[in-house]
Amino acid sequence: ATATIAQGSWDTSARVWQYRDDGVARAPVADFSIFDEEVRAVDIDAACNTVAVGLADGGVGVCDVRANALVREVPAHADTVNAVAFARDGRSVVSVSDDGTAKLTDLGGVELCAHTAGAAVRDVRVAADGAHALVAGDDGLLALLALRDALRPVHTYDAGRSVSAMCVAAGCV
């Protein structure tokens, strides 16, 4: 069995590795040591061809794994990007930031829509249905946002305390 791992680092790099049953390859498949800021978040698309990178300066980078090259970097946020997640179609990225926003940006760098939260947004997960993203932040709110409807909040849940990270598992009771 194999898996692809994308990782980011304080040393301003992002790398992509292949994992096999006998361990991780000794050299990365792709090495994006090209950013001017600390890499705070990474995600890789389902086809393992494109990496999205969230940066400490509020930028979002898009990297081509096969070409081992930065495709685009855009100043998406006014503060640190805490998490990035590819939409299920692989053509856009949701990013969240300390500036209190969640943004949907296409791979061409065009901001498609934004949602403003009451505080820093710490994490994002795109739902399996591909139509929603779940965001969480310092205000303690978990918000389910409609990706196809300008990131309109569909549901909110008050966790009662700041949420710094989350994961989603379908079918658990």
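Student: Why is Arg152 called partly exposed?

Tutor: In this predicted model, Arg152 has a relative accessible area of 42%, and because partly exposed covers the values between the 20% limit for buried and the 50% limit for exposed, Arg152 is placed in that class.

Student: What makes the pair of Arg152 and Asp149 a salt bridge?

Tutor: The closest N and O atoms of Arg152 and Asp149 are 2.5 Å apart, and since a salt bridge requires a side-chain nitrogen of Lys or Arg within 4 Å of a carboxyl oxygen of Asp or Glu, the pair qualifies. Asp149, at 36% relative accessibility, counts as partly exposed. Elsewhere, salt bridges that share partners join Asp98, Arg122 and Asp138 into one network, and a search of the whole structure finds 9 salt bridges.

Student: How do you know whether Lys103 and Glu111 are buried or partly exposed?

Tutor: Lys103 has a relative accessibility of 13%, and because buried means under 20%, Lys103 counts as buried. Glu111 stands at 43%, which lies between the limits of 20% and 50%, so Glu111 counts as partly exposed. These two residues form a salt bridge, with their closest N and O atoms 3.4 Å apart.

Student: Why is the pair of Asp31 and Arg15 said to tie together parts that are apart in sequence?

Tutor: Asp31 lies in strand β4 (residues 30-32) and Arg15 in strand β2, so the pair ties together parts that are 16 residues apart in sequence. The closest N and O atoms of this salt bridge are 3.3 Å apart, and Asp31, with a relative accessible area of 32%, is partly exposed.

Student: Which residues touch the most other members of the largest nonpolar core?

Tutor: Of the 16 residues in this core, Val94, Val96, Val124, Val135 and Leu147 touch the most other members. Elements giving two or more residues to the core include β9 (81-86), β10 (92-97) and β13 (121-126), and β13 provides the largest share, 3 residues. Leu147 touches, among others beyond four places away in sequence, Val94, Leu104 and Val126. A second, separate core of 12 residues includes Ala30, Val39, Val53 and Leu55.

How values were computed: Residues numbered from 1 in each chain as written. Predicted model: local features only at pLDDT ≥ 70, side-chain atom pairs only at ≥ 80, totals over all residues. Heavy atoms only, no water. Core = buried A, V, L, I, M, F, W, Y, C linked by side-chain atoms within 4.5 Å. Buried < 20%, exposed > 50% of the residue type's maximum accessible area, 1.4 Å probe, protein only. Helix = DSSP H or I, 4+ residues; strand = E, 2+ residues; numbered from the N terminus. Contact = heavy atoms within 4.5 Å.
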